[in-house]
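The sequence and the model are shown first, and a description by region follows.

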Amino acid sequence: MNSEITKTIDDINQEKYKYGFVTDIVSESPKKGLDENTIKFISNKKNEPDWMLEWRLNAYRKWLKMKKPIWSNLNIPNIDYQDIYYYSAPKGFEEKPKDLSEVDPKLIETYNKLGIPLAEQKVLAGVAVDAVFDSVSVATTYKGELEKLGIIFCSISEAIKTHPELIKKYLGSVIPTGDHSFSALNSAVFTDGSFVYIPENVKCPIELSTYFRINAEDTGQFERTLIIADKGSYVSYLEGCTAPQRDSNQLHAANVELIALDDAEIKYSTIQNWYPGDEEGKGGIYNFVTKRGLCKGKNSKISWTQVETGSAITWKYPSCILKGDDSIGEFYSVAITNNYQQADTGTKMTHIGKNTKSKIISKGISLGKSQNTYRGNVSFLRKADKSRNYTQCDSLLVGNNCGAHTIPYIESKNSSALVEHEASTSKINEEQLYYCRQRGLSHEEAVSLIVNGFCKQVLQELPMEFAVEAQKLVSISLEGSVG
Amino acid sequence: MFLDIKNLSVSVEGNQILHNFNLQINIGEVHAIMGPNGSGKSTLANVLAGKEDYEIHSGQIIFKNQNLFDLNIEERAKQGLFLAFQYPVEIPGVNITPFLHSSINSKLKSNNKDEIDNIEFAKLLRLKAKDLGIDKDMLKRSVNTGFSGGEKKRYEILQMSVLDPELAILDETDSGLDIDALKIVTEGVNKLKNQNNSFLIITHYQKLLDYISPNFVHVMMNGSIIKSGDKSVAADIEKNGFKIFQ
């Protein structure tokens, strides 16, 4: 291997995870392990109505009979579900604090360190944030402003109590509890997450955002997010994630459901930066996430954008069910893997309605000894007349010890459907590095520039406020920089 | 002496390309090196720029009173050495504006000068492009991506004029250009030329020298300079070909 690339890889391997700190806060957890009592404990802690507990127990009983999915290109170690805490809350969170003066200053400090200020006067301009710390929602900003428009943006625990009719109607309607073992597990033990409802014809004027933080050791995070965009409405939502640096692996199994009714549009962006484990592959988050959007109404649109840089294992396929005629599904993804990280990510586009369109742009970057897989499933059902899909998968390899894989599945039961698939695999080019350096850029600047250029098509889909942050994150994932 | 190359011998993958190569350039001078294919012209350009695939057997290069071999590629660039590439590489998704902006700032920073901000830089770039007759739509595209051969070369000259180097090396910038593109390229060089910079122009054809007047013309064959003189040397080559030197 050429010396230039070797040097870059060495620099990259020295990358440090800057969100690896631990907040020293007293947490309250039940004992480790999972049985019906754990679920009763969680439900009770959250003062949930009986129907919710029943729903959870029902999912748990399904889970007991299920096996973990084995079709991915991942080496998933056996997870000991009895060695995990299923609930962890900073002490004193029986009720969500009414305002920030009731929140432990250490928590506010944590979010400040993460660059997510919670105090109203300091909040990110134009972005409302729901902050989830371990199992509970800590604070939701801009709530009052949104209420004036009839927008509901709160933690899901709160929504279960205040908007049971919406929860009963939509929770589990896109991802059935028995869909697969991680969705069943999440349904049984989910602790918190965000709930969004945008009323008819309302365009949400600001970005809604949830920030997830796993702090406590040996704790699983099972969040549940439900977003409903009523007829003619629009919302853009962003989630961000980090966790402390620990030697043991932590489990994150989230479920996210999106529902777009007639003419509604949901744009969902993720910047996932969970702790990826160290250079030896020790520690890191196991990220098993189910994200699915239902374009239920005519002419509706759901767009997923993800920048995945963290986690030891990523297993994630944000999907769209294009049920309404003329509906549109989009998936834009950048996945960067380094050291011993494994990612198996992609999307599923199910065309049911007439004239439905989907677009998939996936950019995978592999470094170190990592494995990066794109897996996509595009299917056209019998009535999906004149529907179309366009898929583009590009992989970039840095070094000689990593792998990139592209696994597209295409199924069509309708002869008028049109599918296009383009794929490419390339290595970072010596000539490009030489060219950039001749113009005075350092090695790292050159690699970062080339990779950012490679990802541009996806990064430009992110909301403005986060595009710059994402670019930096891409650079940090590549550089030896501590940031 | 601004640039002093002494007894330089270089090989690539075991093949010796440069043999006891010598060349001196003073500040304010324009030198042209002509030679047939395979004479080692591009190797010379890449060794000056610091490309790492070459094995230096002997000799030294002094540039601005420093040993050039002590500096890596980007350090040389920051010291004012610019190479206009024979085959500029495509960098998809990277726009010229941020690319050249970070380039100029890294140079300013290493010379302890104030960096130039976005707005000032955008103005500078538009001005330089206008000077060279380069359409501003071209500034919206990714570096060299999807450019024709001629566009790539003009783009190199644009970068050169923005970075304002002290030593500009043009590696067969004229090859593959039609006469209009050649005029743009040579006008760019003539505009930039002054008492405080030097040019080393590597070319295969005499045509380029109809538009640029070098102080010296060198003939290079088999890895060393076999004849130096004024513009009349180029005329000889035009008339009789390289074989008269063989």
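Predicted model: local features only at pLDDT ≥ 70, side-chain atom pairs only at ≥ 80, totals over all residues.

## The open sheet of chain B

Strand β3 of chain B, residues 30-34, is joined by 4 bridges to strand β9 of chain B, residues 216-221, and the two run parallel. Both strands are part of an open sheet of 6 strands in chain B, with the order β6-β7-β8-β3-β9-β10 and mixed pairing. At the edges of this sheet stand β6 (81-84) and β10 (224-229) of chain B; each has a single partner strand, so one side of each is left without a neighbour in the sheet. From one strand to the next, the twist averages 20°.

Helices lie across this sheet. Helix α5 of chain B, residues 149-163, lies across β6 and β7 (167-171) of chain B and runs at about 170° to β6(B). Helix α7 of chain B, residues 231-240, lies across β3, β9 and β10 of chain B, and its direction makes an angle of about 45° with β9(B).

The loop between α4 (118-131) and α5 of chain B contains N144(B). Is N144(B) buried or exposed? With 21 other C-beta atoms within 10 Å, N144(B) is buried, since the cut-off for a buried residue is 20 or more.

The surroundings of N144(B) can also be named. Leaving aside residues up to four places away in sequence, N144(B) touches P88(B), V89(B), E90(B), I91(B), K152(B) and Y155(B). Of these contacts, Y155(B) is 11 residues from N144(B) in sequence, and the C-alpha atoms of N144(B) and Y155(B) are 7.6 Å apart in space.

## Helices of chain B

Two packed helices are described by the angle between their axes and the distance between the axes. For helix α3 (residues 96-110) and α4 of chain B, the angle is about 110° and the axes are 10 Å apart. The helices α3(B) and α4(B) are therefore roughly perpendicular to each other. In their contact, T97(B), L100(B), H101(B) and I104(B) of α3(B) meet F121(B), A122(B) and L125(B) of α4(B). The residues of this contact comprise 5 nonpolar, 2 polar and no charged.

Helix α1 of chain B, residues 41-49, has 8 of its 9 residues buried, so it is largely enclosed by the rest of the structure. The buried residues of α1(B) are K41(B), T43(B), L44(B), A45(B), N46(B), V47(B), L48(B) and A49(B). After α1(B) comes G50(B), which has a positive phi near 100°.

Chain A contains 11 helices and 23 strands. Of its 483 residues, 56% count as buried. Among contacts in chain A between residues at least 6 apart in sequence, 83% join residues at least 24 apart.

Strand β20 of chain A, residues 371-380, is mostly covered, with 7 of its 10 residues buried. Strand β18 of chain A, residues 342-351, runs parallel to β20(A), and 10 bridges join the two. Within this pairing, K348(A) has N377(A) of β20(A) as its bridge partner. Strand β22 of chain A, residues 403-412, also pairs with β20(A) in the parallel sense, over 10 bridges. Here R375(A) stands opposite I407(A) in β22(A).

## The nonpolar core

The largest nonpolar core has 174 residues, and V196(A) and I169(B) have the most contacts inside it. Helix α10 of chain A, residues 443-459, supplies the largest share of this core, 9 residues. Not counting residues up to four places away in sequence, V196(A) touches I152(A), F153(A), L208(A), I227(A), I228(A), V235(A) and Y237(A).

## Where the chains meet

How many residues does the contact take from chain A and from chain B? It takes 19 residues from chain A and 22 residues from chain B. On the side of chain A that touches chain B, α1 (3-13), α9 (430-438) and α10 of chain A each supply at least two residues. The residues of that side divide into 6 nonpolar, 7 polar and 6 charged.

How values were computed
Residues numbered from 1 in each chain as written. Chains lettered and ligands numbered in written order. Pairing = 2+ DSSP bridges. Axes fitted to C-alpha atoms, helices over the stretch in contact; angles between N-to-C directions. Contact = placed C-beta atoms within 7 Å. Buried ≥ 20, exposed ≤ 12 C-beta atoms within 10 Å, placed from the backbone. Core = buried A, V, L, I, M, F, W, Y, C linked by C-beta atoms within 7 Å. Nonpolar A, V, L, I, M, F, W, Y, C, P; charged D, E, K, R; others polar. Parallel < 35°, antiparallel > 145°, perpendicular 65-115°, else oblique.
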